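Please go through the structure shown here step by step. The paragraphs below take up strands, a helix and some side-chain contacts.

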Amino acid sequence: MSASISSRDLSAAPRVLVVDGSKVVRQLITRVLQKELPQAVVVDCGSGADAHRLLQDGVFDFITISLRLPDMDGLELARYVRESAPQVYVPIVVVSGDVDDRLHRRALGEHVTDYFDKSLGFQALAEFIRGYVRPESAAEGVVLYVEDSRVVALATRRMMEKIGLTVRHVVSVEDALVLLETEREQGAVGADVVLTDVSLKGELTGGDLLQRIRTEFGYGKGKLPVLVMTGDENPDNQAALIRAGANDLVEKPVEEKLLITKLLFQLRVAQHLRARESAGAS
């Protein structure tokens with residue numbers, strides 16, 4: 001994916017296209033976006049055919065698509081967008097209640113940039129979209145980063161530290177487990193999010209780390225989000241990581257904008273869940 005998500009200058013008002021067969025859902029998404037992103041221009045439509053016409057009339061900076069449209073599958077529309085030259089790099093996010101099943105099977109296809117589960121709420125969707133059309137210049141949070149390549153680690157760490165994230169870098173799963181165990185003994189988690197490569201030197205892989213976090217430590221996806229970096233394009237292997245408890249995958253070579261957007265989204269969701277949990281306990 002190109003660093004430039006469209007041919008438009010994003011200093012201008014970002015244009016968001018919302019495609020969903022339900023008028024109520026379109027109204028809900030539009031209302032939240034207009035409140036949370038008042039500078040954005042939100043255009044909505046209820047079918048693939050209407051979306052085709054709108055795409056021919058102008059360029060959008062972000063597109064949300066339902067998997068089920070009255071006249072076509074949402075992935076067909078995503079493919080059409082990718083075949084339209086001016087729209088080739090626009091982020092396309094599937095917004096659906098049943099996206100989890102397709103995600104587990106890695107069946108969303110190469111044309112979709114990302115996915116969003118409606119169960120997280122439209123407020124979270126607004127934050128998600130904000131990360132693409134108005135990336136945050138500063139953020140707070142601790143990232144446990146597991147990478148054994150010095151060159152890759154240096155470049156990726158700079159991406160994260162540039163926006164204010166604190167990075168605790170280790171070179172092996174064994175080191176990461178020691179850090180997490182030490183923090184647990186002190187009553188802490190040790191990080192707000194984990195970013196790990198799959199292939200690492202040593203006996204344990206990123207997949208092993210994921211498994212230990214979810215089972216041995218008992219940290220769920222909201223307690224400690226885990227993003228897994230992989231250069232393996234095999235959908236079965238990717239599906240296995242999702243089923244094992246990965247919040248999301250980041251394909252290598254890493255594209256900075258996409259990595260930071262995914263990290264910030266997982267941080268925001270985890271912080272929201274922790275705040276809700278604390279409010280319930282008080």
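Two strands pair if DSSP finds at least two bridges between them; helices (H or I, at least four residues) and strands (E, at least two) are DSSP runs, numbered from the N terminus. The model is predicted, with pLDDT of at least 70 required for local features and 80 or more for side-chain atom pairs, while totals for chains, interfaces and linings use all residues. Residues are numbered from 1 along each chain as its sequence is written, and side-chain values use heavy atoms, leaving out hydrogens and water.

Strands β6 (residues 142-146) and β7 (residues 166-170) run parallel and are joined by five bridges. Between β6 and β7 the chain passes through helix α6 (residues 150-162), and this β-α-β crossover is right-handed (with the strands pointing away from the viewer, the path from the first strand over the helix to the second runs clockwise). Within the pair, Val 142 stands opposite Thr 166 of β7.

Helix α3 spans residues 74-83, and its buried residues are Gly 74, Leu 75, Leu 77, Ala 78, Val 81 and Arg 82. Buried means under 20% relative accessible area, with a 1.4 Å probe and protein chains only. Seen down the axis of α3, the buried residues fall within an arc of 155°, so they line one face of the helix; the arc is taken over the directions from the helix axis to the C-beta atoms. At the start of α3, a side-chain oxygen of Asp 73 comes to within 2.7 Å of the backbone nitrogen of Leu 75.

Asp 248 lies in strand β10 (residues 248-251). Asp 248 counts as buried because its relative accessibility is 7%.

Terms used
Buried means under 20% relative accessible area, exposed over 50%, partly exposed in between (1.4 Å probe, protein chains only). A polar contact is a pair of N or O atoms within 3.5 Å; within protein, one must be able to donate a hydrogen and the other to accept it, and residues adjacent in sequence count only if both atoms are side-chain atoms.
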